[in-house]
Amino acid sequence: MAKIFGDTEIDIVTVSKELRNGGIVAVPTETVYGLACDALNENSCKKIFEIKERPFIDPLIIHVLDISAAKDLAYFNDIAEKLAEKFWPGPLTIVLQKNPLVSNIITANRNTVAIRSPSHPLLRKLLAQSKIPLAAPSANPFGYISPTSANHVQDSLGDKIDYIIDGGECEIGLESTIIDLSDESFPTLLRTGSISTKEISKCINLPIIEIDTKNNLVAEGAPAPGLLKNHYSPHTPLILLDFNLPCQKKIDEQDAVVLFNKSNKQAISDHKNLFWLTEKGDLSEAAHNLYNLLRNLDNKNFNKIFFEKVPNSDLGKAINDRLEKAQNS
Ligand code: TXA
Ligand code: MG
């Protein structure tokens, strides 16, 4: 099992040395926990793919302290600069033309690299102390639900890594928004997240192209990164219900039902195994709770999980996107 360092026990200098020496450490971020290593160390980056059992065609995000550190890794343009100034540190990942310094392992042989500056204070301390960029995908086995607590990481990867830094529950609970700015004329949304296209579009005064995530193959035949159809999936079959519509599905005793809102009354509200995403009908609370609830239900031997979609407004779109991908088809 991995050693978990709590907030007060963590020795930033020692963990930074571990990272600088090629070690792999699970770290908290404001979105989900990441599995971090020195982004300039190819061997460590390869190990991350192996630990996650992630295919080498799926590139990694690099985490940096600030815009200046990002500029060592990628060619910035004006709109990238504007967005980074407004939303960093925070849950926005920007895809840009890469600097040759960045390994092809990280970018899966693309000429672009995904970068973000996270806001979690512990991770920022590590970035500041280690003075290296950190490659960090979400700290879960490939395809499974992302982790939002140190225990989630321990549960699914604890036997494969040595250290987990416990920075508490992730505040947001959903992965960052990814925007591709590698061609500045066509800002393209690659993954929804807590920063909406509306906010991004307003900041740069340009429309954002949204790719149809159901038609997700790029020209070379590889899955467009970030747009894989199945992802975030529990082992238990998950079936989506429409938001606030009468349920037409046959639900058995051995199934779990998750409604959006505690006070959301439906015909199935008297089901024995009933759960809800948020007490108050609040989308931020729903996002924060989503992966923890999915993981808990997945550990309980239900036959199926019936999950009501959430209202499809800004953050709700990101939650529904994850739920659709979690649906094992
Ligand atoms: O919130 C987050 O972004 C979290 C935390 C740990 O920072 N990280 C995360 O990483 O979600 P990961 O690897 O689980 O998801 C990153 C996504 C992948 O779907 C990958 O395909 C996409 O980013 N990506 C990475 N590099 C890319 C690139 N050059 N072009 C397009 N997509 C890229
Ligand atoms: Mg992931």
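**Close-up 1. Phe260 and its aromatic partner Phe243.** In this predicted model, Phe260 is buried, with a relative accessible area of 4%. Phe243 and Phe260 form an edge-to-face aromatic pair, with 5.8 Å from centre to centre and 75 degrees between the planes. Because Phe243 lies in the loop between β13 and β14 (256-261) while Phe260 belongs to strand β14, the pair ties together parts that are 17 residues apart in sequence. Phe243, at 31% relative accessibility, counts as partly exposed.

**Close-up 2. The aromatic pair of Tyr232 and Tyr291.** The count of aromatic pairs comes to six. The ring centres of Tyr232 and Tyr291 are 6.2 Å apart and their planes stand at 20 degrees, so this pair is stacked. It links distant parts of the chain, since Tyr232 is in the loop between β12 (209-210) and β13 (238-241) and Tyr291 is in helix α9 (residues 283-298), 59 residues apart. Tyr232 is buried, with a relative accessible area of 4%, and Tyr291 is buried as well, with a value of 0%.

**Close-up 3. Helix α4 and its two sides.** In helix α4 (residues 78-87), the buried residues are Ile79, Ala80, Leu83, Ala84 and Phe87. These residues cover an arc of only 130 degrees around the axis, which means that they are on the same side of α4. The face turned away from this buried side carries the exposed residues Asp78, Glu85 and Lys86. The buried residues of α4 pack against α3 (67-70), β6 (92-98), β10 (177-180) and α8 (197-204). Lys86 also lies over the face of Phe87, at 5.6 Å from the ring centre.

**Close-up 4. The largest nonpolar core and a second one.** The largest nonpolar core has 49 residues, of which Leu83, Trp88, Leu92, Ile94 and Ile161 touch the most other members. Helix α4 supplies the largest share of this core, five residues. Apart from its neighbours within four places in sequence, Ile161 is in contact with Ala2, Ile24, Ala26, Leu35, Ile51 and Val153. A second, separate core of 29 residues includes Leu174, Ile305, Val310 and Ala326.

**Close-up 5. Helix α7 and the elements that cover it.** Ala150, His152, Val153, Gln154 and Leu157 are the buried residues of helix α7 (residues 150-157). The elements covering these buried residues include β1 (3-5), β2 (25-27), β3 (34-38), α2 (42-52), β9 (163-165) and α9.

Close-up 6. Most residues other than glycine have a negative phi, and most peptide bonds are trans. Trp88 and Pro89 are joined by a cis peptide bond, with omega at about -5 degrees, and Pro89 has its place in the loop between α4 and β6. Glu53, although it is not a glycine, has a positive phi of about 55 degrees; Glu53 lies in the loop between α2 and β4 (61-63) and, at 58% relative accessibility, counts as exposed. Lys131 likewise has a positive phi, near 55 degrees, and is found in the loop between α6 (121-130) and β8 (134-135), where Lys131 is exposed, with a relative accessible area of 68%.

**Close-up 7. Confidence along the chain and residues 216-223.** The mean pLDDT of the protein is 92, and 92% of its residues reach 70 or more. Over residues 216-223, however, pLDDT stays under 50, and for this stretch the model has 14 contacts beyond four places in sequence.

Conventions:
Residues numbered from 1 in each chain as written. Chains lettered and ligands numbered in written order. Predicted model: local features only at pLDDT ≥ 70, side-chain atom pairs only at ≥ 80, totals over all residues. Heavy atoms only, no water. Phe/Tyr/Trp six-rings, centres within 6.5 Å; stacked < 30°, edge-to-face > 60°. Helix = DSSP H or I, 4+ residues; strand = E, 2+ residues; numbered from the N terminus. Buried < 20%, exposed > 50% of the residue type's maximum accessible area, 1.4 Å probe, protein only. Lys NZ or Arg CZ within 6 Å of the ring centre and 35° of its normal. Contact = heavy atoms within 4.5 Å. pLDDT = per-residue confidence, 0-100. Arc of directions from axis to C-beta. Core = buried A, V, L, I, M, F, W, Y, C linked by side-chain atoms within 4.5 Å.
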